[in-house]
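Dear colleague,

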Amino acid sequence: MASWVAGLIVSGEIECNGCGRVMRHPERYAHVTEDDKPRLRLCEKCSRAKGYLKKRRDEKGREVETFL
Ligand SMILES: [Zn+2]
């Protein structure tokens, strides 16, 4: 089974498939595609809860969150 997570910016309004909250521009969301499953759009909070959004440090030591 393959899955693909893309970090995207909301354009307009999108409803989170995790918590049902409406996300608005310019929030980030995770677009999750898995074989044989409907696509999921998750807000940052749900992405974090599911492990799709990870804290990392960039080359200057700043903490950044990136989607897998
Ligand atoms: Zn959510």
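**Sheet and core**

In β5, leucine 40 is the bridge partner of valine 32, where strands are DSSP runs (E, at least two residues) numbered from the N terminus. This is a predicted model, in which local features need pLDDT of at least 70 and side-chain atom pairs count only at pLDDT 80 or more, while totals for chains, interfaces and linings use all residues. Residues are numbered from 1 along each chain as its sequence is written.

Four bridges join β4 to β5, and these strands run antiparallel; two strands count as paired if DSSP finds at least two bridges between them.

The three strands form an open sheet in the order β1-β4-β5, with antiparallel pairing. Because β1 and β5 (40–43) stand at the edges with a single partner strand each, one side of each is left without a neighbour in the sheet.

Strand β1 (residues 3–9) lies largely in the open, because the number buried among its seven residues is zero (buried: 20 or more other C-beta atoms within 10 Å of the residue's own, with C-beta atoms placed from the backbone).

The largest nonpolar core has eleven residues, among them Val32, Leu40 and Leu53; such a core is a set of buried Ala, Val, Leu, Ile, Met, Phe, Trp, Tyr and Cys residues joined through C-beta atoms within 7 Å. The elements giving two or more residues to this core are β4 and β5.

With kind regards

Methods:
A residue is buried if 20 or more other C-beta atoms lie within 10 Å of its own, exposed if 12 or fewer, and partly exposed in between; C-beta atoms are placed from the backbone.
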